[in-house]
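Biologist: I would like to go through this model feature by feature. Please give the general idea before each case.

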Amino acid sequence: MNAPLPHPVRVLVKGSSLVVMTPDWNGEPGEYTFPRWVQNGLLDRGRPCEVVNRGVAGELTRSAFNTWESEVMAGCPDVVVYGYAYYECIHAVLPHWLERHVNTFNGRTGPVRTRYRGYLLRPVWKVLAQAQRIGDRHIGDRFFRRRVHRIIKDYELLIGRTRTVAPGSPLVFVLALFGPGGKAGDWFPGMQARIDTMNAALVDMVGRLDDPGVRLVPVGTLADQLDAGADPVPDGLHYSPRMRRIIGDWIAGEIAVAIEPNR
């Protein structure tokens, strides 16, 4: 009789563009998103695993509930990594649905579609974005705090439901947020203030939950491992190749210690 194989650790990742986007569009082969580096880190530690990334660029925190039952309940993960509350910090005024309509990855070409996007949608968006850029210098997080309360309420419900309703009470990781860099800081002058407000709320949320099974990923501290002068977000918003590896390996190390083999 063959010896039983070790059970794989099942990891589910959900979030917005932080978990699916790579700013190095023409990067070297093997420069994956950080969830892939969670998988690689677990395998390097001799832990069989199944890592599934269900991130969606531009997804709001409240939208995580739309697929929660099919992905978290049905998937029975041992670990869930949530990377939400970032997209809400980007735009101060412009509606999220419009930004996603303009910058969708699912757009198709065609006589009408191409002209609509080229001659109407993109020019209008650029004018609105420039107007927001000017106003954002004076907005910061002035009107953002009320939204933070709603976002955190949704996030806390999402985590609580994952820990108490999902089978197996999965370990939950919550990504802390990293401020804008490069041109993004110029395009969104008030974003750093919103990031700071949201980060403080995330830290408070995890502390208030007081659950050893809910852990904050200290993205800002992990960035200290980069070489001097290295930009953790070279496109202003999304992690560099090295930063993605650092985040993924940190999470993998935490999982390897917390999840017992053959759980």
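Modeller: Helices here are DSSP runs of H or I with at least four residues, numbered from the N terminus. By that rule, Tyr 116 lies in helix α4, residues 111-139. Keep in mind that this is a predicted model.

Biologist: Is Tyr 116 buried or exposed, or in between?

Modeller: Buried means under 20% relative accessible area and exposed means over 50%. Tyr 116 has 33% relative accessibility, so it counts as partly exposed. Together with Leu 120, Val 124 and Leu 128, Tyr 116 makes a nonpolar surface patch of about 320 Å².

Biologist: Where does Ser 16 lie, and why is it classed as buried?

Modeller: Ser 16 sits in the loop between β1 (9-15) and α1 (34-44). Ser 16 is classed as buried because its relative accessible area is 1%. Leaving aside residues up to four places away in sequence, Ser 16 touches Val 56, Ala 57, Gly 58, Glu 59, Gly 83, Tyr 84, Tyr 86 and Tyr 87.

Biologist: In what order do the strands of the sheet come?

Modeller: Strands of a sheet pair through backbone hydrogen bonds, either parallel or antiparallel. In this model 5 strands form an open sheet with parallel pairing, in the order β2-β1-β3-β4-β5. The edge strands, β2 (49-53) and β5 (214-217), each pair on one side only. From one strand to the next, the twist averages 20 degrees.

Biologist: Which helix packs on the sheet, touching β4 and β5?

Modeller: That is helix α7, residues 191-209, whose direction makes about 160 degrees with that of β5. As for the two strands, β4 (residues 171-175) is joined to β5 by 4 bridges, and Leu 175 stands opposite Val 217 in β5.

Technical notes:
Residues numbered from 1 in each chain as written. Predicted model: local features only at pLDDT ≥ 70, side-chain atom pairs only at ≥ 80, totals over all residues. Heavy atoms only, no water. Pairing = 2+ DSSP bridges. Axes fitted to C-alpha atoms, helices over the stretch in contact; angles between N-to-C directions. Contact = heavy atoms within 4.5 Å. Patch = residues over 30% accessible without salt bridge, like charges linked within 9 Å, V, L, I, M, F, W, Y side chains within 5 Å. Areas by Shrake-Rupley, 256 points an atom, 1.4 Å probe, with all protein chains shown as cover. Salt bridge = Lys/Arg side-chain N within 4 Å of Asp/Glu carboxyl O. Buried < 20%, exposed > 50% of the residue type's maximum accessible area, 1.4 Å probe, protein only.
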